[in-house]
Amino acid sequence: MSNRELIVLGTGSQVPSRARNHNGYLLRWDSMGLLFDPGEGTQRQLIFAGVPVSAINRICLTHFHGDHCLGVPGVVQRLSLDGVERVHAHYPASGRAYFERLRHASVFHETTELVERPIGGDGVVADGEFGELSALRLDHPVEAYGYRLVEPDGRSLVPRLLQRHGVHGPDVGTLLREGSLTVGGNTVTVEDVSVPRSGQKFAFVMDTRLCDNAFALAEDADLLVIEATFLDSEADLAERYGHLTARQAARVARESGVHTLVLAHFSQRYSNMAEFRAQAAEVFDGELVIAHDLARIPVPRRSRPE
C-alpha cells in the first residue's frame with residue numbers, strides 16, 4: 001500500500017499555547033494531500049513537520065471560527081510562492097465572504113489556481129481514483145461540516161493463489177494491468193488470484209455536539225480524527241458551545257466501529273492529557289491516540305491475505 005498517514009500540525013482549540021499550535025491536519029493519502037482546518041501558524045508548522053506546501057492538493061475547512069481557518073492566508077500565499085499549479089478548496093458556502101477575505105488577506109503575486117468548491121449541503125464534494133470525499137453537516141453554533149474519505153473497494157492478491165496459478169515476477173504486473181493472463185495454456189484472471197478488499201475509510205469530525213452525522217461520518221472508519229475539547233467535568237460547557245467531551249468522542253468511535261481513534265482540539269485549560277486518555281479508554285477499547293503537535297499517525301493497514 002502506498003503511503004497514508006496523518007500529520008498533526010496543531011491540536012489547540014480557540015487560542016494557541018506554548019505546547020499546542022492552532023488546529024491543522026494534513027492527510028497524506030497516496031499521491032494526494034488534504035489539509036484540514038489550517039489555523040494560525042500552519043505554514044510554520046509545515047516547515048517543522050518537514051512537509052512542503054506542494055504536498056497539498058485540497059484544503060478542507062469545517063467552519064470559519066478562527067482556530068480552524070486563520071492559517072489560510074499564509075498557506076495560500078505560499079502555494080503561489082512555491083509554484084503549485086492548482087489546489088481545490090472546500091468550505092461551508094455560508095462562509096464564502098470569509099474565504100474571499102482570507103485568500104486575499106494581503107498583497108501577493110497569485111499564480112496558483114485555487115478552485116473553490118463551497119459546500120451547500122450533505123453529499124459528495126469530490127471524487128476520483130482516490131475515492132469519494134463527502135461532507136455532512138454537524139451541530140455547532142455556526143455552519144460546520146465534517147468530512148469522510150472512502151477508498152473504492154478493490155481486490156488483494158493472495159500469494160498462495162499466485163503460486164498455484166504460476167503467476168510470478170513481471171507477470172503479476174501484467175495481470176493487474178490487463179485483467180487476465182495466459183499461463184501454461186490456461187487463462188488466469190485477477191479474480192482467480194485475489195480476494196475482495198474493502199476500501200479504507202477516514203473521517204474528520206471537528207466542532208460539534210453529539211449528532212447523528214458525527215456517527216455517520218465515523219462509520220467503520222480505519223482512522224477517525226475527532227475533537228475532544230473538554231473533559232466530563234466541563235460537559236455543560238461542551239453542550240453550551242457546541243463541542244464534545246473525550247467520553248462523547250470515544251462513544252462515537254465505539255458505536256461506529258472505528259479502528260483507530262485520534263483525539264484532538266483540546267482546550268487550553270488542560271495540561272494533563274492522561275485524563276483524556278483515561279476517560280476515552282473507559283468507553284473505547286480500540287487503538288487510541290491523544291494527538292500532539294507534529295505527530296505522524298499512520299492510517300492502519302487492513303489485514304493482508306496469506
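Good morning. I begin with the second largest pocket, which is lined by 16 residues, with Ser13, Gln14, Phe230, Tyr241 and His243 lying nearest its centre. This is a predicted model, in which local features need pLDDT of at least 70 and side-chain atom pairs count only at pLDDT 80 or more, while totals for chains, interfaces and linings use all residues. Residues are numbered from 1 along each chain as its sequence is written, and side-chain values use heavy atoms, with hydrogens and water left out.

A pocket here is an open set of points on a 1 Å grid over the protein atoms alone, with protein on both sides within 12 Å along at least five of seven lines; a cavity is a set where a 1.4 Å probe fits but cannot get out, and lining residues have an atom within 4 Å of a point. Volume is the space filled by probe spheres set on the points, which are joined across faces, edges and corners. For the second largest pocket that volume is about 320 Å³. Its lining has four nonpolar, nine polar and three charged residues (nonpolar: Ala, Val, Leu, Ile, Met, Phe, Trp, Tyr, Cys and Pro; charged: Asp, Glu, Lys and Arg; polar: the others, Gly among them).

I turn to the cavity. The whole structure holds one cavity of 30 Å³ or more, and the largest cavity has a volume of about 40 Å³. Val76, Leu79, Ser80, Glu110, Thr112 and Leu114 line the largest cavity. Helix α2 (residues 72-81) contributes the most to this lining, with three residues; helices (H or I, at least four residues) and strands (E, at least two) are DSSP runs numbered from the N terminus.

Helix α2 also meets helix α3 (residues 96-103): their axes come within 8 Å and cross at roughly 55°. Axes are lines fitted to C-alpha atoms, for helices over the stretch in contact, and angles run from 0 to 180 degrees between N-to-C directions. Val72, Pro73 and Val76 of α2 make the contact with Phe99, Leu102 and Arg103 of α3, contact meaning heavy atoms within 4.5 Å.

Finally, the sheet. Seven strands form an open, mixed sheet in the order β7-β8-β9-β14-β15-β16-β17; two strands pair if DSSP finds at least two bridges between them. Strands β7 (123-128) and β17 (287-290) stand at the edges with a single partner strand each, so one side of each is left without a neighbour in the sheet. The twist averages 15° from one strand to the next. Within the sheet, β8 (residues 131-137) and β9 (residues 145-150) pair in the antiparallel sense over six bridges, and Arg137 stands opposite Tyr145 in β9.
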